[in-house]
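Let's walk through a fold together, one question at a time. Have a look at the model first.

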Amino acid sequence: GKIRKAMRYYREAVRYQPNAAMFHSNLGVILYELGEKEKAVRSYLTAIELDPRFAEAYYNLGNALFEKGELEEAAIRLQEAVRHNPDYIEAHVNLGIVLSELGHADEAIVHYKKAIELEPNHAGAHNNLGNVLAVKGDTRSAEQHYRKALSIEPHSVEAHINLGNLLANQGKIDEAAQHYNEAARLDPGNPNAQSGLRRVAFQLQ
């Protein structure tokens, strides 16, 4: 298929231009897609050795490490990505996710807000920021960001569920049910939407 063809191309490219960091990074992306995750990590590391300021290679490496569960190392690599390219929106978002997982809520908020500053209509950043704010107890701001996420991306199952959970926790059962119902309509097998609907049905009894 196309991915295999791309892999052959980049393997040839790195053979003929072994010092071209971009080719190594792109080869890593292809290898990752094919499930060759360790080889992908080695390709990203080679790209960084060749070009220590290559933000995209740090980003790709950070994502790969996150998938492997190496959160501390993933955070370090994603921090390098935004250090070398402060306007790298997806790197800020993914760094926010990693920092949230590590329990560094305040740092995560900084990066989600930076992503939103760079791209005000980034639904994922608004949704993720809502999650962190909800955990911190700032439910009013969390609700605003969930609603903003849904105004940008009305079919976001995750944002409907998150807003449903927030509203249910506040006792706003009818509106919570609307969001769980919409999530279930968009993704009928979603277990979080189904558990939300069971929860509100129980509370309405």
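Some questions and answers on this structure follow.

Q: Which kind of model is this, and how are its residues numbered?
A: Residues are numbered from 1 along each chain as its sequence is written, and side-chain values use heavy atoms, leaving out hydrogens and water. Local features need pLDDT of at least 70, side-chain atom pairs count only at pLDDT 80 or more, and totals for chains, interfaces and linings use all residues, as this is a predicted model.

Q: How many helices and strands are in the chain?
A: Helices (H or I, at least four residues) and strands (E, at least two) are DSSP runs, numbered from the N terminus. By that rule the chain has 12 helices and 0 strands.

Q: Is S25 buried or exposed?
A: S25 sits in helix 2 (residues 21-33). Buried means under 20% relative accessible area and exposed over 50%, with partly exposed in between (1.4 Å probe, protein chains only). Because its relative accessibility is 0%, S25 counts as buried.

Q: Which residues does S25 touch, leaving out those up to four places away in sequence?
A: A contact means heavy atoms within 4.5 Å. With that cut-off, the partners of S25 are S43, Y44, A47, F54, A57 and N60.

Q: Against which helices do the buried residues of helix 7 pack?
A: Helix 7 covers residues 105-118. Its buried residues are A108, I109, H111, Y112, A115 and I116. They pack against helix 5 (71-84), helix 6 (89-101), helix 8 (123-136) and helix 9 (139-152).

Methods
The expected span of a helix is 1.5 Å times one less than its number of residues.
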